Amino acid sequence: MALLSVRDLRTYFVADEGTTRAVDGATFDLYAGKTLGIVGETGCGKSVTARSILRIVERPGRIVSGEILLQRDGGYIDLAKLDPDGREIRRVRGGEIGLVFQEPMTSFSPVHTVGDQVIEAIQLHRRLDKARARARAIELFRMVGISRPEGRLDEYSWQLSGGLRQRAMIAMALAAEPRLLIADEPTTALDVTTQAQILELLRDLQRKTHMAIMLITHDLGVIAEMADDVVVMYLGRVVEHGPVDQIFHAPKHPYTQALLRSIPGIQHEARVKLPTISGSIPHPFARPAGCPFHPRCALVMACAAAPDGVCCDHHEPELITVEEGHSVSCHLYRKKGAAVPLALESAR
Amino acid sequence: MSTIVTPPPTAVPPQPPAAPLRERLTGQILLDVKDLKKYFVIHRGFLRRTTGYVRAVDDVSFQIQEGETLALVGETGCGKTTTSRCILRAIDPTSGQILFRTESGKTVDVATISKRELRPLRRQMQMIFQDPYSSLNPRMTVLDIIGEPLLVNGVKSRRERIDRVEELMRLVRLRPEYMRRFPHAFSGGQRQRIGIARALALHPKLVVADEPVSALDVSVQAQTLNLLLELQNTLGLTYLFVAHNLGVVKHISDRVAVMYVGQIAELAEREALFRSPKHPYTAALLASVPKPDPRLRGQRKPLPGEVANPAAPPTGCYFHPRCAFAVERCKVERPAWEQISPGHWVRCHRARELTLPGIETSSTVAPAAN
Ligand SMILES: Nc1ncnc2c1ncn2[C@@H]1O[C@H](COP(=O)(O)OP(=O)(O)OP(=O)(O)O)[C@@H](O)[C@H]1O
Ligand SMILES: Nc1ncnc2c1ncn2[C@@H]1O[C@H](COP(=O)(O)OP(=O)(O)OP(=O)(O)O)[C@@H](O)[C@H]1O
Ligand code: SF4
Ligand SMILES: [Mg+2]
Ligand SMILES: [Mg+2]
């Protein structure tokens, strides 16, 4: 049973200049003890997906449809239906779901010590007096591998190195023993050696607490290292979703394939031309019709050439299951003779 | 499950190899950096008394041949940018020599040359910056941005500048029609190309690129790396390429210098450095890189501890508190910068005796997606 199910989530930013469909029909599940990696290039909607789950999307952004089902007491509550300022969501935010941001500098206030802030987070979700909460904070700091935790509690975030700050941020996110940790680019600002330490820490914590992790990054190396399952996003849509080994060794979507080819790896031949994806990511207001990737796709099928009249530039592909647990949103994988859904037909 | 219409082809067409190293190189040393130091003074209190020094660059030596790419890698704060800025004389070094071979074949010491003599040299050394967003003036058109160095260097005719900017824009694959637009109308990758065109406007010999692709997405990064390689081959450019991403470094460089706390720990030809590193820090760095292949998972052991503070570096070898191979000598004696085999330089007491794991690199290993 999934811990969290996101179903056809759509989050739009509506402004006078145009509408950004930041998340445009995302569906995926998160399971206890497992890590789901979310990858995609800048602006594809990774952070807005995370913010939607926690209901902290900034105005003029709004969830326009979809469900975010959090398992609780054998049933589900739909986070998408909650009042974003209400008591219920505050119990979830920082309680059942912890959050780690990319830039820990902005997550801590510079005028209070990190200890005070972690203690406050603990007291928000658990009834502990100051002394007990402090003891718990020390325990958390030790757990995330901060040496001299008693001393560090009394320091300010700007006195800590990047790696220590990120650890303190993780300690704060763990304050209420969340069942799900959302980590949005937790290591992007860090050096590789520090990154390796933090990723090891997350894996270790997951082993101990069995929490689910939603790991957002555009670094495919980090995904290969950490994820059990992977969601690949492009222009607000999930274009491919599957087990990590499948995504890296048998990717289905032309975008996933192209993305993997364009990484300059330390194991590959040097100084040869890297395969690239033609064109660039479209402006969010000028989103292509049909498959959002079609203007850049090397395998695009035009109407005249398409066997059953379904073409990439007119019809938006649905997520098609190609194997157990592996789905892809691309017309190349349409089953023979499958009817074009009515809604898509009318869009023609 | 059931039938699938067309599994798309996944094979990549074979890529033409870049010009081999020997053809690109003239054998001339373009830049010879000797014992470079840059200490920043730390002031404290009302009287601004000197209370210490940040040893940002602490005894760095290397050479770059004409036509090659030397990569400078290392973790944040290790002194990569400070080294580059000294070479371009954007800041004055504390000591050391920076010998640059000018177009006329003369060798000058950039570290000590007077400001007046430096002027004509600036043209021959140019910089590409990391951040394509903040390094371009938002109120200037692309024409003015790329044309500015031309104007400053005496190309007074507007017509001539337009022609030259057009040519430069084509060179970096930007549409010349867009020359009257402002930077905000371009994507990150396009802005980086504007920066590259500007750097190339005056036919420099040496291009110092400080993290030129770090802020870009992988697909845009690939386009930019291809462009930089191509420009090097066609224009005979020499690159000092600063980066922290080892995949990028492996891809673009001929030789690699690994920095740690203001010093170069190891310097070698690309393949030698990746395949058989000699410094424990290089080996640890290589082992820390997440490989884009889940089947290689769990092979890495994080390096413990944190980067040393350049204002109070450890005694002996700066790396000894984190080094798995440290012996008593490492704590007390500073290792010398030694050449242990032709072209392979290391700063480690145990470099000759240790066998360290590198990366299996092979020209036949294709990207994971194939
Ligand atoms: N506050 C906002 N107002 C208007 N548009 C927004 C806002 N926040 C995000 N967007 C838009 O929503 C889209 C998705 O943004 P999002 O931040 O989720 O991308 P991302 O995948 O996290 O990218 P990155 O890798 O750069 O963090 C983008 O087109 C972005 O411009
Ligand atoms: N103007 C300055 N005054 C004092 N200290 C400085 C100054 N510039 C740099 N430093 C210090 O010198 C050291 C080297 O900095 P530098 O910017 O060269 O590192 P870097 O390798 O480029 O790092 P990054 O990868 O973060 O860009 C750092 O400890 C930095 O704090
Ligand atoms: S000199 Fe000693 S401490 Fe330094 S890297 Fe070599 S073995 Fe390690
Ligand atoms: Mg984001
Ligand atoms: Mg720098």
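The model is predicted, so local features need pLDDT of at least 70 and side-chain atom pairs count only at pLDDT 80 or more, while totals for chains, interfaces and linings use all residues. Residues are numbered from 1 along each chain as its sequence is written, chains are lettered from A and ligands numbered from 1 in the order in which they are written, and side-chain values use heavy atoms, with hydrogens and water left out.

**Exercise 1.** Describe the residues around ligand 1.

*Step 1.* Of the 13 residues around the ligand (a heavy atom within 4 Å), those that come nearest are A:Thr42, A:Gly43, A:Lys46, A:Ser47 and A:Val48.

*Step 2.* Sort the shell by class: five residues are nonpolar, five polar and three charged, where Ala, Val, Leu, Ile, Met, Phe, Trp, Tyr, Cys and Pro count as nonpolar, Asp, Glu, Lys and Arg as charged, and the others, Gly among them, as polar.

*Step 3.* Look for the elements (DSSP runs numbered from the N terminus; helices are H or I with at least four residues, strands E with at least two). Strand 2 (18-30) and helix 1 (46-54) of chain A each supply at least two residues of this shell, and helix 1 of chain A gives the most, with three.

**Exercise 2.** Which side chains have an N or O atom 2.8 Å from an oxygen atom of ligand 1?

*Solution.* The side chain of A:Lys46 has such an atom at 2.8 Å, and so does the side chain of A:Ser47, also at 2.8 Å.

**Exercise 3.** How many residues of chain B are in contact with chain A, and how many salt bridges cross the interface?

*Step 1.* Counting contacts (heavy atoms within 4.5 Å), 72 residues of chain B touch 60 residues of chain A.

*Step 2.* For salt bridges (a side-chain nitrogen of Lys or Arg within 4 Å of a carboxyl oxygen of Asp or Glu), the rule finds two across this interface. One of them joins B:Arg295 to A:Asp245, with the closest N and O atoms 2.8 Å apart.

*Step 3.* Polar contacts link 20 residue pairs between chain B and chain A, both residues being at pLDDT 80 or more.

Note on methods
A polar contact is a pair of N or O atoms within 3.5 Å; within protein, one must be able to donate a hydrogen and the other to accept it, and residues adjacent in sequence count only if both atoms are side-chain atoms.
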